[in-house]
Amino acid sequence: MLKKIFFLFSILLIHSNAFSSEEITLEKLEELKNRNAISTEDYLFLKDELDGKLEEKYFFTLFINRTQITTSFQIVYKDSKTFIPLKEYFKNTYFNNYNFTNNILDMILGMELHEVMMDFNTFKITGTERTNFTDKDFFLKDDELFLEASLFSDIFLNAIDIDYEKTRVSMSAKYAINNEIKRLLRVQESTLQKKKEMNNFMYTNSRELFNLGYMRVNLDKTFTKSEGSKDDDWDGYLEYQGPLLYGELTTEYNLKDGEFTGANLYYPNLAYNHFLEFYGDKTESGRWNKSVLFEKDKGYYEDGKTFIIRENVPIGSRVELVYLGATIDIGYEENGVVEFTNSELKSDREYILRIHTRDGKIITQIIKTSDDFNQQNKGEFQYRFFMTENESSEKIDTDGSIYYGITEQFTIGGKYFKTSESINDEYIYVERGAAEIVYSDYFKTNPYTFILGTEQIFNPDKFQKDNTVEGLFQVKFNKFKIRYEDGYYSSYYDNKEARGITFEYNPTDFLRVDYSYQWQENWDGEKSKGSEIDVELSKNFNRFLSTFQFQRNLNGEKDYSINLYYTGYRDYSVRWTNSISERGDDFESTLSIFNRARQNGLDYSFEVAYNEKDKEKMTFRVSLDYDNWFNFDMTSKDNGDYDISAGIDRVIDLKNIRKPLDNIDVSRVKAITYLDLNDNNIFDNDEPYVGDVELEINGEKKVTTSKEPTYFYGVPNNILYNLNPIVRRPSFDVINSTFSLKGKGGGDIEAYIPIKPLFSIVGQLSLDGSYSNAENIYDGIVIKVFDSNNKVISNIVPDFMGYYDLSSLIAGKYFIEISSFKNSSIEPLKTEVNIAYDILKSNTYQLNTHLLNNKIEVIK
């Protein structure tokens, strides 16, 4: 193609001296055509070249996933772009699972049947990370649809390499192509067939009404010195965790004061990823504050503009808060919960909770903070119900909400509040109801959200004359996010009107700037306005993370902080935090060193702190926890004051207090090996235990007995264990079965393992005296065993005396076929055999047969 272009232009230059020193233009090309110096075909060819519209066709050898597909795959070069023929690609990969109607291409791709839709009317794509394209990214010609190479790659490929010199195009497909799917399906079909023939037993905890759980015992002796006077005291508490009312109860008892201080009944993993929690704690005034909460489990919640990470963790756990690979905070479990409030917690970020349990196991959880505005997918619900006692009014406060996704973009919601408030020195209930709509979509590739809500006061009457109306609009442009909020409020609130605009800018991965401007007017006519800014720099240097933060609030107060985190030398982490305000008299600096994983049962940390506001400017703290029984804490100050505590910290199983436990997040396993007489894989009342079966869980081996269940204690949760029962007794085994278990907490695991009694069918084919060559007859005999589904499960031949032995059969119905593949004149035998277990009889079934007059018959 290029040679042709060069040749034609050379002819033009030779043909006319007028063109030899000037650039060839469309006007001069038109003149040559009128003079018949070039043909119409050449004129159109050169005109397209000058316009940049020339289509150059190349034929390549196509490779997909390193497999050669075809040697004549067409690629078009047009408008300085490379285009891939879509239908030809479909044809070469035997792909037919698509529909192209009304300029909308709907495709179902790969083994996962992933749907991707391209709308050539609106230039939108759904089902991929790329959401739009333009009319210059494709063209139609001769019933073929050509897609620009980068657009084609974004939809179908992981990578593409076009080698023009070798005329070779190599593609790495994002989705399995049809010939791969067929091969995978054949493999999967074979695997599924094998699995279908296997009995797979998976055991886990079941919710229980009540079961004895686990106890943590903590006793400390403390020695203190404060302002010259010394004292010693003791402290102690018990923490209990166990199944109750089909949930998980966690409670704490103060041994010194002789009273319960907290209780929590937790129901995780409910519908739509919600949880239900009943909890209470004793306040300083001595009364119990009781609450109930039912909501979606996000791992965090928002308190105004502050993000707070809250997660249920095993008792005794220590938790690292990790951001950008560095540990930025450390938290310790309290009553089964850990919480983090940290200036580094912001929206649109990903954090990791690294949970260290008391046995040295590490569990990781990912927390993604985002402004989801309660947006729901189509057909999904989100609920929230919260009820608590108000300590001041001694009344019950209630609030609840429900959101439902009408479509993927449109969500509706409603809220209800009933709170006790002090009005005219009297506590009365204020009841409010609210409705809200949320709409989110994309403008080209830019996501936006619109929210409109209204609230009405139901009680008391004095607030009913005005309704509250609030609106929000947010849009993101690459690294830039803008949010505008406006509200008009009822007289229940102090504000009569409030509006604000927020800008969030993330030009790079290490810089974030938040700026907001707020204006409000109160019902008394007072107006106020102001702005706040938050600038943060975060930078990784291998194992180091450094952050700098500047904040200015609405009152103009400025705060600065610079932090350095080091993670990675063996199992150690270092945290150095520094903060100071504009006043300059409140400088704080803290240096912490701790081990990130327990080593030889030892968990420790060291901390040095400087605080300019307090009299004791320097503080030193060390904490040790050894092998789940001894703990030591010491805090000393530069004025000579100190606080030292030492004691025991132990977890025990209340069903087996002699069993040492390293962790409370464990399960018990009750294992029963039973004789499955009727082969239904269900433990029936008349089926006896089978002893002498070896089981191994978490490295612990036990042998079952024929009189009682076998228990395993302290099996860590959230780990999948494969059970491989070894039956030591003859004539018993597990046939075509796999066994596994996984603890999830909440109750014991009951593992009923069926043991099958094995049988043998033995017998002899005797011959009538008329058969002279017995060895030749037996050499042609075959005995087949069919199961109840008429499938051959055994195929043997008798020995030279006619004896046969069909072994490893379980109870059930079989069909036995004895025939000759050498002598077709011998009439075969096919008879039904029913085998049932009888403890008083042998596991051998006798089936003797006789060959007489070329007919095989059963000897009664």
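How many aromatic pairs does the structure hold? In this predicted model, the structure holds 41 aromatic pairs. One of them joins Phe133 and Phe138, whose ring centres lie 5.9 Å apart with the planes at 75°, so the pair is edge-to-face. Both Phe133 and Phe138 are buried. A stacked arrangement is found for Phe201 and Tyr203, with 6.4 Å from centre to centre and 15° between the planes. Phe201 is buried because its relative accessible area, 14%, falls under 20%. Tyr203 is likewise buried, with a relative accessible area of 8%. Ring pairs also link Tyr89, Phe90, Phe95, Tyr98, Phe152 and Phe156 into a cluster.

Beyond its neighbours within four places in sequence, Met118 is in contact with Asn103, Ile104, Leu105, Met107, Lys124, Ile125, Phe133, Leu147, Leu151 and Ile155. Among these residues, Ile125 in S7 is also the bridge partner of Met118. Strands S6 and S7 run antiparallel and are joined by three bridges. In general, strands of a sheet pair through backbone hydrogen bonds, in either a parallel or an antiparallel manner.

The open sheet consists of four strands in the order S4-S5-S6-S7, with antiparallel pairing. Strand S4 (98-101) and strand S7 (124-126) stand at the edges, and each has a single partner strand, so one side of each is left without a neighbour in the sheet. From one strand to the next, the twist averages 10°.

Charged side chains are also placed over aromatic rings. Arg432 lies over the face of Phe417, at 4.4 Å from the ring centre. The charged end of Lys830 sits over the ring of Phe786, 4.6 Å from its centre.

Phe477 is partly exposed, with a relative accessible area of 37%. The C-alpha atoms of Phe477 and Thr445 are separated by 8.3 Å, although these residues are 32 residues apart along the chain.

Terms used: Residues are numbered from 1 along each chain as its sequence is written. This is a predicted model: local features need pLDDT of at least 70, side-chain atom pairs count only at pLDDT 80 or more; totals for chains, interfaces and linings use all residues. Side-chain values use heavy atoms; hydrogens and water are left out. Buried means under 20% relative accessible area, exposed over 50%, partly exposed in between (1.4 Å probe, protein chains only). Contact means heavy atoms within 4.5 Å. Two strands pair if DSSP finds at least two bridges between them. Helices (H or I, at least four residues) and strands (E, at least two) are DSSP runs, numbered from the N terminus. Axes are lines fitted to C-alpha atoms, for helices over the stretch in contact, and angles run from 0 to 180 degrees between N-to-C directions. Rings of Phe, Tyr and Trp (its six-membered ring) pair if their centres lie within 6.5 Å; planes under 30 degrees apart count as stacked, over 60 as edge-to-face and the rest as tilted. A charge sits over a ring if NZ of Lys or CZ of Arg is within 6 Å of the ring centre and within 35 degrees of the ring normal.
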